[in-house]
Amino acid sequence: MKASALRSIKSTLTSGSCHLLRRGYATESVPDRKVAVLGAAGGIGQPLALLMKLNPLVSKLALYDIAGTPGVAADVGHINTRSEVAGYMGEEQLGQALEGSDVVIIPAGVPRKPGMTRDDLFNINAGIVKSLCTAIAKYCPNALVNMISNPVNSTVPIAAEIFKKAGTYDEKKLFGVTTLDVVRAKTFYAGKAKVPVAEVNVPVVGGHAGITILPLFSQATPKSNLSDEVITALTKRTQDGGTEVVEAKAGKGSATLSMAYAGAIFADACLKGLNGVPDVVECSFVQSTVTELPFFASKVRLGKNGVEEVLGLGTSL
């Protein structure tokens, strides 16, 4: 190989690595933020850990699970971005993982398999959520809690009761992550409306299971004159998105990758809100007076204390 070619390769590699380093460490004005992922060795937890490691707003990333976390932490920890990664394993290390956390993300629990109902999920995951939230109340009571563990419609109220019992409940800091419903609605709508998906926004309200998921395609932007028949089909596909993935994976998994992406999007919004970025709005399942239901998913404005404002349903449903 000619010397000139070697010099060219060396120059390209050097400039590329420097560019990555600049991207990873250009955070002088960003506050230190610790994020804990509970269930970090699981199907959602591992890609979520990767995505949070890539987020320049995170300075410390604590990965916790009952087993396997040191390996995940070692793997993710080699990535040349800002955050320091630590892995914690077993109940005796849960407190260390949580201490000082600004945001706690909970994907822990079993995924849905073909034939499983959400009642089946509840019977298993409710106990896991109870123990994790008991620890959160003790070790980081002021953290924003992002609940991913299904069924979210039930695990969020459970978490609220655990925090109330501990005397630490703050309705502004408990979120059910429904972002995957929004992600799906945007993707499906863009495909039918033939518009760039990056420009699409679709509010999704209600809950995070089946027919409780209500995508408001009438409020979607950019506007498109889709027929009622198409809107009905898009609504059903959004509601059944989880089942679509479970069946496609044929018993070998659920919506882990897309859920990790959605969880990372919502956690990023929470971090931006904490850091004072204005007008950060995402849909989330929170304590609400929008309807007669105690918890309801709708647009939420995020800020330095978590929920700044729960927004209404809009003028057209």
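Predicted model: local features only at pLDDT ≥ 70, side-chain atom pairs only at ≥ 80, totals over all residues.
Residues are numbered from 1 along each chain as its sequence is written, and side-chain values use heavy atoms, with hydrogens and water left out. Helices (H or I, at least four residues) and strands (E, at least two) are DSSP runs numbered from the N terminus.

**Helices H7 and H10**

- The axes of helix H7 (residues 179-193) and helix H10 (residues 257-274) come within 8 Å and cross at roughly 110°; axes are lines fitted to C-alpha atoms, for helices over the stretch in contact, with angles from 0 to 180 degrees between N-to-C directions.
- H7 and H10 are therefore roughly perpendicular to each other (65 to 115 degrees; under 35 is roughly parallel, over 145 roughly antiparallel, the rest oblique).
- Thr179, Leu180, Val183 and Arg184 of H7 make the contact with Ser258, Met259, Tyr261, Ala262, Ile265 and Phe266 of H10, where contact means heavy atoms within 4.5 Å.
- This contact has seven nonpolar, two polar and one charged residues (Ala, Val, Leu, Ile, Met, Phe, Trp, Tyr, Cys and Pro count as nonpolar, Asp, Glu, Lys and Arg as charged, and the others, Gly among them, as polar).

**Cavity**

- On a 1 Å grid over the protein atoms alone, a cavity is a set of points where a 1.4 Å probe fits but cannot get out, a pocket is an open set with protein on both sides within 12 Å along at least five of seven lines, and lining residues have an atom within 4 Å of a point.
- The count comes to one cavity of 30 Å³ or more, and the largest cavity holds about 70 Å³; a volume is the space filled by probe spheres set on the points, which are joined across faces, edges and corners.
- Residues lining the largest cavity include Ile136, Phe163, Asp170 and Lys173.

**Largest pocket**

- The largest pocket has a volume of about 770 Å³, and of its 41 lining residues the closest to its centre are Pro107, Ala108, Gly109, Val110 and Ser149.
- H5 gives the most to this lining, with six residues.
- The lining has 18 nonpolar, 16 polar and seven charged residues.

**Second largest pocket**

- The second largest pocket holds about 230 Å³, and H7 supplies the largest share of its lining, five residues.
- Among its lining residues are Thr179, Val183, Tyr261 and Ile265, which also belong to the contact of H7 with H10.
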